[in-house]
Amino acid sequence: MADVPIDIHYVAKLARLSLTDEESARISAQLSRLFDFIGELQGLDVSGVHPTAQVIPLANVYRDDVVKPSLSNDEALANAPQRDGPYFKAPRILEGEF
Amino acid sequence: MIDSAREQGLETEAVIGLEVHVELSTHSKMFCGCRNQFGAPPNSQVCPVCLGLPGALPVINGRAVEYLCKTGFALGCTVSPYSKFDRKNYFYPDMPKNYQISQYDMPLTTGGSVTLVSGRKVRLNRIHLEEDTGKNTHAGAAISRSEYTLIDYNRAGVPLMEIVSEPDIGSPQEAEQYLSELKGILSHIGVSDVKMHEGSLRCDANVSIRPVGTQRLGVKAEVKNMNSFRSVVRALSFEIERMRECTRVGQPIVQETRGWDESRGVTHSMRSKEQAHDYRYFPDPDLVPLSIDAALLERWRLELPELPDSKRARFAAEYGLSAYDAGVLTQEAGDAAFFEAVAKASGDAKQAANWLMGDVRKCLQLHGLTLSSSPMKPAHLAALIAMVKSGAIGGKAAKEVCDELVMHGRDPQDVVGERGLAQTSDASAVAVIVDAVVARNPESVTAYRGGKLKALDFLIGQAMRESRGKANVDVVRSRLQELLD
């Protein structure tokens with residue numbers, strides 16, 4: 001666990017996850033194994049290999065710039081936890097609080 | 001370094017880099033078919049993709065890629081042979097997906113520059129493509145007291161390009177020149193309507209100061225919330241002065257984000273860099289990469305219209321305009337085209353420029369209009385110029401007709417006819433009036449002949465009154481001089 005080069009509490013906070021001590025220990029151990037695996041990959045010679053961000057053998061998939069119908073306001077807000085008229089309503093948020 | 005500058009009493013210089021966000025004027029959004037239009041009713045231009053509903057997949061709007069590449073060509077950038085989209089992860093309700101699709105390490109273009117009127121070259125770091133966020137309204141009088149936030153996602157997913165400059169800008173005035181030049185170029189390529197007041201052109205600034213003559217960058221602040229060219233100049237001036245004051249009193253400058261408060265005229269700390277976001281960028285698995293065909297890039301490059309700097313040079317050479325006039329008339333593509341149409345139709349470029357930059361501009365400003373929002377037609381302004389030149393109407397009447405053109409798009413012939421504004425240049429008709437005025441005012445005639453030249457103005461005024469303003473004042477004057485001299 002000590003050799004996991006990330007702060008499990010920090011990462012959990014970024015992902016808005018609340019972990020129990022047991023979960024923190026278990027996930028840290030799992031991440032530690034992942035880092036071992038990545039360490040192995042880092043030993044490989046990848047010179048000449050293009051970094052891959054996508055495994056689908058496609059590029060340049062575009063749509064035409066054509067307007068399609070949007071949802072109605074009521075449809076858009078149907079699953080909103082809270083609404084106020086035509087708006088989604090959320091608890092107040094301040095810079096620095098998120 | 002700053003401390004030693006203080007000890008030595010050295011002058012400091014400002015170092016500014018700008019991040020400009022430009023909404024692209026595509027018909028539809030970046031990754032879905034929702035309409036891209038400012039001012040629609042809240043949450044009326046949203047769909048499962050831009051609302052981030054589970055299972056909805058984004059597809060790249062080809063025109064947004066084209067617009068960004070064209071911008072890149074206009075600014076001398078290098079279009080990357082391979083580019084991709086990444087997810088910028090954060091929790092804030094302006095993006096319902098909890099991430100924004102952006103470009104992290106492989107932007108569509110790199111390099112390039114913007115040349116200011118001063119001749120200074122501001123290098124560009126990169127231009128990348130992303131999606132705009134939704135708009136939050138904090139209910140209540142002030143953010144700090146508001147209890148909740150209202151969200152409109154119409155803007156979420158609108159194609160947005162971010163143009164990042166190097167820290168090559170040396171003053172708030174240069175920052176304004178940079179924005180103005182950039183705005184002119186974007187307006188000419190037609191990729192954005194670049195309206196700062198509607199948020200289609202937005203700007204953040206990285207500011208620091210350093211002793212004159214040194215190269216190392218000082219600690220920077222990122223200034224946000226500047227909503228007009230004027231507020232950019234004010235905010236940067238304030239921030240530079242604040243930093244100089246810090247060094248004067250020996251207070252450290254901390255790296256932080258500072259918001260510009262327009263009404264109070266100050267910047268205030270929003271968050272320090274210690275709490276900076278960790279966005280955990282990673283490639284968006286929903287989108288395939290971009291590798292734009294060289295032939296297609298070349299076609300886009302060739303489709304670029306004439307840009308402001310070459311248009312300025314051409315206006316000066318072709319129409320004999322001053323550098324200043326050419327600069328003003330090429331700020332907006334539509335204005336430049338309007339000028340050219342009037343210049344061609346009237347055959348008098350100088351008068352076309354004078355009218356557009358004088359009475360027309362005054363009238364537009366008075367009524368909160370622009371040339372593109374006014375119904376005036378170039379042919380009608382050209383006709384007005386011709387009427388003044390031929391002496392068909394006088395200067396005062398011309399201004400009155402001009403207002404009708406600008407406000408209501410009317411034909412100057414109609415306005416002149418309807419209001420009886422045509423002036424009489426017929427020498428014999430004018431002579432009858434002038435002769436009568438001279439006969440009625442012997443004392444003025446004596447005064448004029450005795451050397452009181454002002455008496456002539458009185459007689460001209462009397463004759464103009466007699467003609468109810470319709471006599472050509474030049475014809476009146478020459479008849480009077482003929483009689484008296």
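**Pocket lining, cores and chain composition**

By residue class, the lining of the second largest pocket comprises 12 nonpolar, 11 polar and seven charged residues. The model in which this pocket was found is a predicted one, and the volume computed for the second largest pocket is about 1,000 Å³. The lining consists of 30 residues, of which B:Lys183, B:Gln331, B:Glu332, B:Asp335 and B:Thr370 are the closest to the pocket centre.

The second largest pocket takes at least three lining residues from domain 1 (2-296) and at least three from domain 2 (306-419) of chain B. In terms of secondary structure, at least two residues of this lining are supplied by each of helix H3 (172-189), helix H7 (323-329), helix H8 (333-346), helix H9 (349-357) and helix H10 (359-366) of chain B, and it is H3(B) that provides the largest share, with four residues.

In soluble globular proteins, nonpolar side chains tend to be buried together. The largest nonpolar core in the present model contains 83 residues, and B:Leu18 and B:Tyr178 are those with the most contacts inside it. When neighbours within four places in sequence are left aside, the residues in contact with B:Leu18 are B:Ile163, B:Val164, B:Ser165, B:Ile169, B:Ala175, B:Tyr178, B:Leu179, B:Cys203, B:Asp204 and B:Ala205. Another core, of 35 residues, lies apart from the largest one and includes B:Cys363, B:Met376, B:Ile385 and B:Val416.

For chain A, the secondary structure amounts to three helices and three strands, arranged from the N terminus in the order α-α-β-α-β-β. Chain A has 98 residues, of which 18% are buried. Where contacts in chain A between residues at least 6 apart in sequence are considered, 33% of them join residues at least 24 apart.

Key:
Residues are numbered from 1 along each chain as its sequence is written. Chains are lettered from A and ligands numbered from 1 in the order in which they are written. This is a predicted model: local features need pLDDT of at least 70, side-chain atom pairs count only at pLDDT 80 or more; totals for chains, interfaces and linings use all residues. Side-chain values use heavy atoms; hydrogens and water are left out. A nonpolar core is a set of buried Ala, Val, Leu, Ile, Met, Phe, Trp, Tyr and Cys residues joined through side-chain atoms within 4.5 Å. Buried means under 20% relative accessible area, exposed over 50%, partly exposed in between (1.4 Å probe, protein chains only). Contact means heavy atoms within 4.5 Å. On a 1 Å grid over the protein atoms alone, a cavity is a set of points where a 1.4 Å probe fits but cannot get out, and a pocket is an open set with protein on both sides within 12 Å along at least five of seven lines; lining residues have an atom within 4 Å of a point. Grid points are joined across faces, edges and corners, and a volume is the space filled by probe spheres set on the points. Ala, Val, Leu, Ile, Met, Phe, Trp, Tyr, Cys and Pro count as nonpolar, Asp, Glu, Lys and Arg as charged, and the others, Gly among them, as polar. Domain bounds come from an automatic or database domain assignment.
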